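Here are my notes from a first look through this one, written as numbered points. Keep the structure open beside you and find each residue as you go.

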Amino acid sequence: MRIKYAIACVAVLLALLAMSACSESDNPQLDGMTRLEIHLSAPYQRATRATGDWLDPISSKELIHDYWVVFVNQSGIVKELVSGSCGIDGKEEDTFRFFLPPGTYTVYAFANLDFNSLNIRKGAALPTDLSSKTLATTNGWTNDIPMSNNVQGQTVTVAEVENQSFEVELVRAMAKIQLDFENLSGQQIDILGYEIYPLTKTNVSLFEPAQPKNIATTDSVAYTVDFSETAITLTPINSETGHGGTGTTWCYVNETNATATATHNQYSIRLKVRRNMSVEEYRYGFTVNSASSGFDYIRRNDWIKLPILFRDWSFRVETLPFPPIAGFQSRVVSADALSITFNTGGYIFLRPMFRKDTDPEGIWRSFDDSDVVFKLVSSYTTNTTTGAAECVDSETDTGLILTGDLQIFEAGQYFSQLPSGDIVGKLDNAEGKTGQVTITLKVRLEGLEYEFDYNIFKI
C-alpha cells in the first residue's frame with residue numbers, strides 16, 4: 001500500500017516539473033506578443049492653469065475609479081480593450097500589464113463615465129463620432145469626475161522587445177473653482193452663499209476641444225449655492241496676529257473655454273454675507289477678467305483659486321445738492337446707495353465716500369484721506385474693445401470707466417475732478433436724451449484695488 005502511494009506521488013511530481021519547465025515564450029497563446037506595462041495617471045495638464053495641487057486632491061471624486069484603455073491599430077480596429085477599477089476610494093494612478101502584438105497603436109483612455117454609451121468594442125472599428133460625443137455633466141457636480149485623454153489619442157509603438165512601458169495620462173473633464181476667505185475686519189462675517197456667472201449650462205465634450213470658443217449668452221447660466229443653514233463663520237481679525245478667521249469652499253463646474261472679450265465672458269462672483277451678527281443680508285460682487293486677473297476662461301482640469309479678503313471699508317456715493325455759479329443742476333427724482341435718477345439736464349456732482357467700520361459713527365472719508373487713492377486724468381479715451389469711456393490714471397490704475405448710453409451727457413462733459421476730490425459732469429437737457437450710464441469707480445484703499453458700480457439714469 002505504501003509502495004503504490006509513493007509511485008503516485010512521484011508521477012504527480014514529474015508532471016508538475018514538466019509544466020514548470022514551460023516558459024511564457026513556449027505558450028502558443030503568447031507567440032508574437034510583447035509584454036507591456038501601462039502606467040495610467042491623472043496629473044495636472046500642462047495646457048491649463050491647474051497646478052501640482054491636483055496631485056493632492058481634496059476629494060476622492062477627483063481620483064481614478066473605473067477606467068478603460070483602448071488600443072486601436074492603424075486600420076482603425078480596436079485591437080485591445082483593458083478595463084480596471086481602483087475601488088470606491090480611487091487612486092491618482094494605476095499600473096497594469098498585458099500582451100499585445102508589435103505595431104503602432106493609438107491609445108484612448110477613459111475613467112469615471114458610462115463607457116458602454118461610447119459603443120467601443122474589441123475587434124470592431126473605433127466609432128467615428130467620439131469627437132462629437134458629450135458628457136451629461138452639470139455645474140455643482142457631485143459624482144466622480146469623468147476623465148479622458150485628448151481627441152487625437154496617444155500614439156505608441158510596440159516593438160519586439162521585452163517589458164516595454166508607456167505613460168498614459170487622463171484629463172479631468174471638469175474644472176474646480178475654490179473660494180478662500182479671510183476676515184481682516186473687526187467684526188464677525190458669515191458667508192451664506194455665492195453665485196458664479198456665467199458658466200456653461202450645456203454638457204461638456206468627451207474630449208477637450210482643440211480650440212477655445214466663446215460661450216454664447218444663450219448657453220450660459222448662473223450657478224448659485226446657498227448654505228445659510230451651514231454658514232461659513234469668519235471670526236474678527238486678531239490685533240496680535242493680524243489674521244482673522246478663514247474658510248474655504250469649492251465646486252466642480254463645466255468648462256467654458258470663454259475668452260474675456262465681451263461682457264458676458266467676464267465672470268462675476270457674488271457673495272451673500274451677514275455682518276455684525278445681524279439678520280440683514282448684504283450682497284457683494286466683483287468681476288474678474290483677463291485684464292486684471294488672468295481669469296478669462298474656465299477649462300477642464302483647471303483648479304482656480306480665488307482669495308477673498310474682507311476688510312472694514314464701506315462705500316457710498318453722495319450726490320451734492322448745489323449747482324455751480326451761473327449754471328443749473330439736474331433735478332433728482334430718486335436716489336439710493338447704488339443709483340440716482342434725474343429727469344432734467346444740467347450739472348451733476350458726485351462724491352464717493354468711504355469709511356472704516358472702526359471709525360466713529362457718522363464719519364465718512366473722501367478722496368483727501370491718506371488711505372484712499374483716487375485720481376482722474378485730464379481727458380477721456382475710448383476702449384476699442386468695450387466701447388467704454390475711460391478716465392484712468394496709468395500709474396495708479398484708479399479713476400472712472402463709463403459704460404452705457406453716454407449720449408445722455410453733453411459732448412465732452414463726462415466728468416472732471418475738482419480740487420476737493422468731487423467729480424462733476426453735465427447731462428444733456430435735450431428731449432430724447434435718456435438712458436442709463438454705469439460708473440465703475442476704480443479705487444486703491446490701503447494699497448489694494450477695488451471696483452464698484454454706480455448707475456445714473458436720465459428719464
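1. Start with Lys 442 and its neighbours. Leaving out residues up to four places away in sequence, Lys 442 touches Phe 374, Val 392, Asp 397, Thr 398, Gly 399, Ile 401, Tyr 450 and Glu 451. You'll find Lys 442 in strand E30, which covers residues 435–445. Keep in mind throughout that this is a predicted model.

2. Is Lys 442 buried or exposed? It counts as buried because its relative accessibility is 12%, and the cut-off for buried is under 20%. Its side chain also makes a polar contact, at 3.3 Å, with the side chain of Asp 397.

3. Now look at that partner. Asp 397 sits in the loop between strand E26 (389–392) and strand E27 (399–404). With a relative accessible area of 29%, Asp 397 is partly exposed, whereas Lys 442 is buried. Check the backbone here too: phi of Asp 397 is positive, near 60 degrees, and this residue is not a glycine. As background, most residues other than glycine have a negative phi.

4. Asn 112 is another one to check for phi. It isn't a glycine either, yet its phi is positive, about 60 degrees. Look for Asn 112 in the loop between E5 and strand E6 (134–135). Asn 112 counts as buried, with 13% relative accessibility.

5. While you're on backbone geometry, which peptide bond is cis, with omega near -5 degrees? Go to the bond from Tyr 197 to Pro 198. Pro 198 belongs to strand E12, residues 189–200. For context, most peptide bonds are trans.

6. Next, the rings. How many aromatic pairs does a search of the whole structure find? The search turns up 13. One of them joins Tyr 67 and Phe 96, which are stacked, with 5.8 Å from centre to centre and 20 degrees between the planes. Tyr 67 is in strand E2 (residues 66–72) and Phe 96 is in strand E4, so this pair ties together parts that lie 29 residues apart in sequence. Both partners are tucked away: Tyr 67 is buried at 4% relative accessible area, and Phe 96 is buried at 9%.

7. Compare that with Phe 110 and Phe 207. This aromatic pair is tilted, with 50 degrees between the planes and 6.0 Å from centre to centre. The two residues are 97 apart, and the pair links distant parts of the chain: Phe 110 is in strand E5 (residues 103–111), while Phe 207 is in the loop between strand E13 (204–205) and strand E14 (220–226). Phe 110 and Phe 207 are both buried. They also belong to one aromatic cluster, together with Trp 68, Tyr 108 and Phe 115.

8. Which residue has its charged end over the ring of Trp 364, 4.5 Å from the centre? That is Arg 316. Arg 355 lies over the face of Trp 364 too, at 5.9 Å from the ring centre.

9. On to the sheets. A reminder: strands of a sheet pair through backbone hydrogen bonds, either parallel or antiparallel. Strand E1 (residues 34–41) and E9 run parallel and are joined by six bridges.

10. How many bridges join strand E11 (residues 175–183) to E19? There are eight, and these two strands run parallel. Asn 183 has Phe 310 in E19 as its bridge partner.

Methods: Residues numbered from 1 in each chain as written. Predicted model: local features only at pLDDT ≥ 70, side-chain atom pairs only at ≥ 80, totals over all residues. Heavy atoms only, no water. Pairing = 2+ DSSP bridges. Helix = DSSP H or I, 4+ residues; strand = E, 2+ residues; numbered from the N terminus. Buried < 20%, exposed > 50% of the residue type's maximum accessible area, 1.4 Å probe, protein only. Polar contact = N/O pair within 3.5 Å; in protein donor to acceptor, adjacent residues only side chain to side chain. Contact = heavy atoms within 4.5 Å. Phe/Tyr/Trp six-rings, centres within 6.5 Å; stacked < 30°, edge-to-face > 60°. Lys NZ or Arg CZ within 6 Å of the ring centre and 35° of its normal.
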